[in-house]
Amino acid sequence: MSVVIAAIPLMLTTAMKSYCYTSLGYADAFTALHEDMKAHYALQGWKETDFNAKYEEYIGLFEEAEQNDDKTAYILTMLSYLASYQDGHVQMGDMYEIIGIGSTRNIQDAYAQIYKNYYGMTLLRLDSGEYVAANVEEDSSADRVGIKNGTVITKWNGADIAEQLAQMKYIIPVNCSRFADTENIERFKPFCLSCMGEKQIEVEFLDEQKKRKSVTLASMGNGYKYLYNTIGLFLQKDKAKEADISYDTLENHVGYLQIKAMGDDYDGIRSEIEGYIAEMKKEQISSLIIDVRNNEGGEDDASVVIAEQFAKEDLSITWQNSLRFLL
């Protein structure tokens, strides 16, 4: 029986250590941090992290920020570097926030400088490759010129949208835990671009007659808060509560176990997993997918409770030599 696990971050932990690089310049501080990640990052084996390539990608940006004495560029580059691990547990925050008595003011200021303006709409890339307007606000700059939800946008800020996305210097998630894979990053890039224009921008779109129309959109304010809220909307934070753990039998004797969260009701979790395993035996499941994508996190001990059910003696002969991890 083969077991495929989509992601399992809570089962892999390391002791927390603290280092202070404040006496170093931007480039040296990054180098020290990178070497520490190279030595201690728990998921590097599963992710097959290429640390040399990652260092070469970012060291020049840190050196440029240091040469220009540009604190904002340093913060944005560091955020981008940490987000490149595509791991919600790798984040940047001010010490005051970490110990619970402050806010990430420096980070928020940096975000506000890159997401400078918004125009009452979001750019959304469809599977077809087209870009359309989404989350259009009533009586906004976009709404007043005839842009509605679903309107095809052919140019943004007077230029080709795909080219602008390819040239983005910083890929900064509002919440880096949302960039769990490369596809996720590509989906959110247009969101970011829609808040990165100047006070006035030129936009081209297809009107109701499918004719190209060029208009000028005026900024409605700083785009950081708008972007944060918009990403939250598209992540459906207010959607109906789903079961923390669910199971289904797919075709060809494939089992599908989805874990959305891991609470502290260990007896309940144990009972659920035991019940699902019994169902797997009845259905003669030959392979199993354990899906923890978009997992909300939870208790480390819950991970142990779940894992131990698949290590029982009556299952070990079938599963012991066929475990596979996919992150």
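Me: Which residue takes a positive phi in the hairpin of E6 and E7?

Reply: Lysine 210, with phi near 65°. The hairpin has five residues between the strands. Strands here are DSSP runs (E, at least two residues), helices likewise (H or I, at least four), numbered from the N terminus.

Me: What kind of model is this, and how are residues numbered?

Reply: This is a predicted model, where local features need pLDDT of at least 70, side-chain atom pairs count only at pLDDT 80 or more, and totals for chains, interfaces and linings use all residues. Residues are numbered from 1 along each chain as its sequence is written, and side-chain values use heavy atoms, with hydrogens and water left out.

Me: Back to lysine 210. Is it buried or exposed?

Reply: Exposed, with a relative accessible area of 62%. The cut-offs are under 20% for buried, over 50% for exposed and partly exposed in between (1.4 Å probe, protein chains only).

Me: How many bridges join E6 to E7, and E4 to E6?

Reply: E6 and E7 pair over seven bridges, in the antiparallel sense. There, isoleucine 201 stands opposite leucine 217 in E7. Strand E4 (residues 153-156) and strand E6 (residues 200-206) are joined by three bridges and run antiparallel. Lysine 155 faces glutamate 204 in E6.

Me: New topic. Which residues touch the most others in the largest nonpolar core?

Reply: Tyr81, Met121, Ile147, Ile153 and Trp156, out of 58 residues. Helix H4 (residues 71-83) gives the most to this core, with eight residues. Apart from it lies another core, of 18 residues, including Ile259 and Met280. A nonpolar core is a set of buried Ala, Val, Leu, Ile, Met, Phe, Trp, Tyr and Cys residues joined through side-chain atoms within 4.5 Å.

Me: What is isoleucine 147 in contact with?

Reply: Leaving aside neighbours within four places in sequence, isoleucine 147 contacts Met121, Ala133, Val136, Ala142, Ile153, Val203, Phe205 and Leu217. Contact means heavy atoms within 4.5 Å.

Me: How do H1 and H4 cross?

Reply: The axes of helix H1 (residues 26-40) and H4 come within 12 Å and cross at roughly 15°. The two helices are therefore roughly parallel (angles under 35 degrees). Among the residues that meet are Phe30 and Leu33 in H1, and Tyr74 and Tyr81 in H4. Axes are lines fitted to C-alpha atoms, for helices over the stretch in contact, with angles from 0 to 180 degrees between N-to-C directions.

Me: What about H1 and H3?

Reply: H1 and helix H3 (residues 51-67) pack at about 160°, with axes 8 Å apart. That makes H1 roughly antiparallel to H3 (over 145 degrees). The contact includes Tyr26 and His34 of H1, and Tyr55 and Phe62 of H3.

Terms used
Pairing = 2+ DSSP bridges. Parallel < 35°, antiparallel > 145°, perpendicular 65-115°, else oblique.
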